[in-house]
Every structure is written in C-alpha cells, then in structure tokens.
Amino acid sequence: MQLGLIGLGKMGGNMAERLRLGGHQVIGFDFNAEAVAKLSASGNIGVSSLEELTKKFTGRKAIWIMVPSGQPVDDTIAKLEPFLKPGDILIDGGNSNYKDSIRRHKEVTAKGFNFVDVGTSGGVWGLKEGYSLMFGGDKEPVEYLTPIFETLAPAKDKGWGHMGPAGSGHFVKMVHNGIEYGMMQAFAEGFSIFQAKTEFNLDLAQIAEVWRYGSVVRSWLLDLTADALKANPELEGLAAYVADSGEGRWTVFEAIDLNVSAPVITESLIRRIRSREDNNFTDRMLSIMRNAFGGHAVKKD
C-alpha cells in the first residue's frame with residue numbers, strides 16, 4: 001500500500017522505515033533535503049514538492065501529515081487540495097487540538113475528500129516498539145487505512161483503535177499526554193526525595209532498576225528513567241527547564257469546561273511552566289511577605 005508522508009523528522013523518518021519494513025511504499029516530502037535523500041536511500045521515494053508527492057501515487061491517495069500543530073497543518077492541507085481527487089484521504093498524525101480536527105474534517109469532507117485524525121504516541125522508540133495509535137474519523141477511510149495502522153502499531157491486534165467520530169483521536173491523545181505529565185511529575189518528585197536523603201547515599205539508578213520488576217509502578221516510562229539515570233546519575237549538564245507541546249494545558253482547559261477535577265494533571269502543568277521562570281517572582285513575593293508579617297530572614301542574591 002502507498003502512503004504519502006509529509007514531515008520526515010525523527011518520528012516521521014522512523015514511521016517511514018517501519019512502514020517500509022512492513023511492505024508498504026512511502027512517498028515522502030520534507031523541507032530538509034537531507035531527510036528526503038535519506039528516505040530515498042532506504043528504498044522509499046523522496047520528493048521535492050507536495051505536487052510531486054501527489055503525482056507519485058498509482059491509486060487512491062492517503063497522505064499522512066506530520067507537521068507542527070496549528071497553522072502549519074491548515075497551510076499544508078490548503079496546498080494539497082488542488083492535487084486531490086474525490087475520496088482521497090488526509091491524515092493528521094501530529095499533536096493537533098481536537099477542536100481543529102473537528103473543523104478540518106468538516107471543511108475537507110465538504111470538498112469530497114476524507115480526513116482522519118490520529119493521535120500518535122511512541123516518540124523516537126516507535127521504529128522498534130511500534131506506535132500507539134488513537135484515531136477518529138469516518139468508518140470507510142479508517143477501514144481503508146487499517147493495513148497502515150496494523151504495521152505502525154506494536155502488533156496487528158494491539159496498540160491501535162478507532163476512538164469515534166472526527167476529533168476523538170486527538171482528544172484521546174490529548175488526555176493521554178495530560179496523564180503522562182502527572183506520571184512524570186510523580187517520578188520526578190519521588191526521586192528528588194531520594195536525592196535529598198543524603199544520609200542513606202541512595203543509588204537512584206539502582207532504585208529505578210529494582211522497581212522495573214514486580215513493582216506496581218513498573219512501566220515503560222520507568223524503564224526509560226532507569227536508562228537515563230544509569231547514563232547520567234547526577235543529571236549533569238541539564239537545565240531545570242521543561243517545555244510542553246500543548247496537550248497538557250488543553251487537557252486542563254477541557255477538565256475545567258467539563259467540571260472535572262484534575263488536580264494532579266493541573267499541578268504537573270504548572271510545575272512545567274514554573275521551571276521556565278528565572279529568579280521566580282512568586283517565590284520572592286512569598287519571601288518578602290514572610291518577612292513582613294513574621295520578621296523571617298530574607299535571603300538576598
């Protein structure tokens with residue numbers, strides 16, 4: 001089966017390779033000429049424009065878009081539409097807001113094309129482990145894409161599923177990432193407590209390794225944490241700055257709109273935002289208030 005793939009970064013490149021190994025042909029485009037050349041060298045087809053990508057198909061077009069969320073997705077769709085035929089499928093496999101996916105589905109289907117939103121999890125490990133795929137959209141194009149999903153997933157019958165109508169795939173992936181924020185925050189806080197208990201001289205990498213087997217907190221996230229601590233137990237050279245790609249905050253907004261209490265996910269998001277603040281003003285305000293009402297000492301730079 002042929003699949004067009006737009007965006008050949010680390011994740012997109014690994015997806016292309018997994019599809020090639022599964023017997024599919026990927027037609028790929030990226031603004032990075034080196035990434036396109038690498039795709040061609042692997043046995044797939046690298047192209048230099050979106051128009052060329054669409055002309056390489058021998059049948060129905062299915063084009064997977066892996067670009068940053070927001071306007072880049074809309075721009076890519078607009079550039080592709082003149083080269084599409086009725087029934088062709090556009091797939092957004094990035095981290096788009098589910099509300100945008102609902103809108104795009106409505107706009108694209110009104111023109112006779114199909115739109116499927118695919119929440120994709122697996123990161124740089126997807127080539128080896130497979131990708132968790134959560135997709136939304138109409139039944140017919142989803143069924144047509146089943147061979148692609150079966151190849152990208154960890155197994156033909158595991159790690160992928162049709163969540164529901166348009167937008168549901170990205171909605172489920174959004175909440176997935178919110179949960180991920182909370183899990184990561186809990187691990188980070190726990191290991192910080194270990195690091196602070198200096199009298200025990202705890203080996204953090206050893207603890208993570210012990211927990212990997214039999215513990216109720218064992219997980220792939222813990223596996224990755226154990227490997228990271230082995231490689232850099234003191235976290236040398238790392239800044240205390242944690243970015244977020246949007247899904248965590250969208251999950252918090254959705255929880256508020258739905259009147260659902262989600263304190264763990266919310267606090268984990270706030271902690272990420274706080275990590276980016278130099279000379280934190282909030283903490284300085286707390287310090288000066290303690291000094292004002294209680295005469296507590298103030299530490300100065």
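Trp64, Phe135, Phe149 and Trp160 form one aromatic cluster. Keep in mind that this is a predicted model. In total, the structure holds 9 aromatic pairs. One of them joins Tyr98 and Phe171. A pair of aromatic rings is described by the distance of the centres and the angle of the planes. For Tyr98 and Phe171, the centres are 5.0 Å apart and the planes stand at 80 degrees, an edge-to-face arrangement. The two residues are 73 residues apart, so to speak of where they sit: Tyr98 belongs to helix α5, residues 98-109, and Phe171 to helix α9, residues 168-196, and the pair links distant parts of the chain.

Is Tyr98 buried or exposed? Tyr98 has a relative accessible area of 13%, and because the limit for buried is under 20%, it counts as buried. Phe171, at 26%, is partly exposed.

Next, charges over rings. The charged end of Arg272 sits 3.6 Å from the centre of the Tyr181 ring, over that ring. Lys197 lies over the face of Phe200, and here the distance to the ring centre is 5.6 Å.

Now the strands. Which way do its neighbours run, parallel or antiparallel? Strand β6, residues 114-121, runs antiparallel to β7, with 5 bridges between them. Strand β8, residues 160-164, runs parallel to β7, and 4 bridges join the two. Met134 has Gly161 in β8 as its bridge partner.

Terms used: Residues numbered from 1 in each chain as written. Predicted model: local features only at pLDDT ≥ 70, side-chain atom pairs only at ≥ 80, totals over all residues. Heavy atoms only, no water. Phe/Tyr/Trp six-rings, centres within 6.5 Å; stacked < 30°, edge-to-face > 60°. Buried < 20%, exposed > 50% of the residue type's maximum accessible area, 1.4 Å probe, protein only. Lys NZ or Arg CZ within 6 Å of the ring centre and 35° of its normal. Pairing = 2+ DSSP bridges.
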